[in-house]
Amino acid sequence: MKMTFSRKSLGIPYGIFLFLFVVAPLVVIVYYAFTNGSGQFTFENLTGFFKDPNTMGTLVYSLFLAFVTTCICLLLAYPVAYVLAMGKLKLRSVLMMLFIMPMWINFTLRITALKEILTLLEGNLAFYPFLNSVIGMTYDFLPFMILPIYTTLSKMDLSLIEAAQDLGADRKQTFTRVILPLSMPGVISGISMVFLPAMTNYVVLDMLYNSTYIMGSLIGSYFSAYNWHGGSMISLILLALICIFTLLSSDRQEETRGGNNL
Amino acid sequence: MKDNIIELINVTRRFDDNGFIAVNDLNLDIARGEFVTLLGPSGCGKTTTLRMIAGFDLPTSGQILLDGKDITDIPPNLRPINTVFQRYALFPHMNIYDNIAFGLKLKKLPEEEMRRKVSHVLEMVDLEGFEKRRVSTLSGGQQQRIAIARALVNEPEILLLDEPLGALDLKMRKEMQIELKAMHDQLGITFIYVTHDQEEALTMSDKIVVMSEGKIQQTGVPEDIYNEPANAFVADFIGESNIFKGIMTGKLKVRFCGGEFECVDDVDEGTLVDVVVRPEDVILTAPEEGTVSGTVTSVIFKGIHYEITVESGKNEMVIQSTKASKVGDEVGMKLDPDGIHIIIAEDNTTRFEAEIVDGHTLDYNGKTINCDLSKVIPGCSVRDGELTDQSGNKVDTSAMKILISIEPGDIEMSDDVEAGITSGRIINLIYKGDHYSYVVRTGHGHDLVVDDEYLWNMDDQVGLIMPEDKMRFAVKK
């Protein structure tokens, strides 16, 4: 009895934290999102978001930027993760380290360095704002794509690959029918770790002189203009998008999850 | 001529990263339709052999023939061979139907035929109607059956089974043994089965291949493997056995354990032999009626029988008997001639080469061995450490080496790995009645046999002390 009490009480600090910094702010956001300046309940913020061509334009631009970034990250990360996980490399841990290391270097420093390199190559950063943003984000988020894919691939039961070959699959068929589907959980968690931040991380754009708004900068602008109601609604809409994406992908993961393999 | 489906010719597999030789110059023929079991302790090379037949592993040297055609370098997907994996290896992202139909889909079979074949193999493994089930909802035994069905649906010429029953409980294992045997009889295809479980091998196989340290120790039908083990390793590995050192004392007469017994193996008088006696073949008698007698030191009830250990002089004999004895009883022991199996003792002398330093010292890997070379090289004498011939000229020893040999019983083992001329790890031990016979693998990868009356553990690191007065020297030019 005493034991269960003390175990449960270990959760109290986090419970308090959860309430103060997760539940309470969420309630406040919902409150602001559905009220107007005089504190009355309204759907105007919601309808306003979808009516305003500016906010919709920002949403589309953000989605597109995030989509391109995610695709490039995936195309770069999968082969790297595959070679790292499946190859018989003696320097596997060193290579892995090389790909992870940028995460340990201060973000501002990295982007500043990138800015200098891009300026050197392009002359003026203002010529290619979209391209520069994609490069910056890819540079920033690539490790988050490599890691989960690497983890699922390296945990894969090698006898499954041998079983596919044994049953007559050549290398390509083994990859498309067994390795790729089984690595989907890693791909999906990689996507969710890249796509969502890429929609909102406006610091990269700011630093690379891309003045186009994305969702993050849009929310920021609302709050700095003291329009807390509109800003909260945009945050809530983003939250809803994230929820939908997460639910969809967890369904997929449920399907592809490794079965009872002892 | 026998119809061989698989032939392994001088197959060796060495692993590059650590130089370990998993399979060493193996030759093996497998006849069409046979149920062959590769049997041996872990690390004996049986799984590597199977993987080379499947195509997952390539031999470092040697050839693998299928129906007389060389398939050594053909990838696994092009071999008419299917495998049942140790841990089933069912695809977790597919249902049972898709798992079984995996191979058929790759062959682009018509949907209708595919359906028929899948339901046919499901029927064969007693899991009708499981098509839509997910892998994770199946028990271990059911997953194993699906794995067998998935391999058989491709109608392979050879089915490879890599310890397929290892993860099942005892009762399920016994059931599956019988079912697998029945399946083999029904299908008529070749089964190659890998296991470390001797009972499994004896139950199911037409032919057993006993392996140890990458080599075949014996090939034969189960009865021969059990009754006529080719060497002490096989006798020790298959079933319980007492192994004694003995000597032939006359026509069909052998002396061991302090007694003279009649036997049925005709071996020349004076030959040193290993004698194998199965515990169930020893007949307990009154002390004065037995060929030898001894004192009971332990009695363990095993259900069907008692396991009785009798000490007779320096020897120890394990006996299975349905009648109980008491610890401390004096008993006699008798053996029927066909209860004694004679193995001509292997030559386990250790031989190695040393460099000549001067007239009375040799060098072996930096260790000094004293040896009077004038007694080794005929017609030479040693003067001031120099080796001279009869006319007083210096003998050129640069091209000469000294071959040193020493008997297993003369080598001593020590906890101090620096104590002796070399050191190594114990990789095998067999109890031989009054002493243990160890195989020690040195750092250079040489295996040598050491006899010692004390028990050391597997994997112990030991220093090997070789007394110089027990060494025999010979010149090697």
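This is a predicted model: local features need pLDDT of at least 70, side-chain atom pairs count only at pLDDT 80 or more; totals for chains, interfaces and linings use all residues.

Me: Into which domains is chain B divided?

Reply: The assignment gives domain 1 (4-227), domain 2 (238-344) and domain 3 (350-476) of chain B. Let us consider domain 2 of chain B and domain 3 of chain B, whose centres, taken over C-alpha atoms, are separated by 35 Å. To their contact, domain 2 of chain B brings 7 residues and domain 3 of chain B brings 7 residues.

Me: How is the size of an interface often given?

Reply: One often states the accessible area that is lost when the parts come together. Here, domain 2 of chain B and domain 3 of chain B bury about 630 Å² between them, with 50% of it on carbon and sulfur atoms. On the side of domain 2 of chain B, the residues that lose the most area are Ile243(B), Lys245(B) and Lys314(B), together 65% of what that side buries.

Me: How many salt bridges and how many residue pairs in polar contact are found across the interface of domain 2 of chain B and domain 3 of chain B?

Reply: The rule finds 1 salt bridge there, and 2 residue pairs are in polar contact. A salt bridge joins the side chains of Lys432(B) and Asp274(B), at 3.3 Å from N to O.

Me: Which elements give two or more residues to the side of domain 2 of chain B that touches domain 3 of chain B?

Reply: They are strand S11 (242-250) and strand S18 (315-321) of chain B. S11(B) gives the most, with 3 residues. By class, that side of domain 2 of chain B has 2 nonpolar, 1 polar and 4 charged residues.

Key
Residues are numbered from 1 along each chain as its sequence is written. Chains are lettered from A and ligands numbered from 1 in the order in which they are written. Side-chain values use heavy atoms; hydrogens and water are left out. Domain bounds come from an automatic or database domain assignment. Contact means heavy atoms within 4.5 Å. Buried area is the accessible area (1.4 Å probe) that two parts lose on being put together, summed over both. A salt bridge is a side-chain nitrogen of Lys or Arg within 4 Å of a carboxyl oxygen of Asp or Glu. A polar contact is a pair of N or O atoms within 3.5 Å; within protein, one must be able to donate a hydrogen and the other to accept it, and residues adjacent in sequence count only if both atoms are side-chain atoms. Helices (H or I, at least four residues) and strands (E, at least two) are DSSP runs, numbered from the N terminus. Ala, Val, Leu, Ile, Met, Phe, Trp, Tyr, Cys and Pro count as nonpolar, Asp, Glu, Lys and Arg as charged, and the others, Gly among them, as polar.
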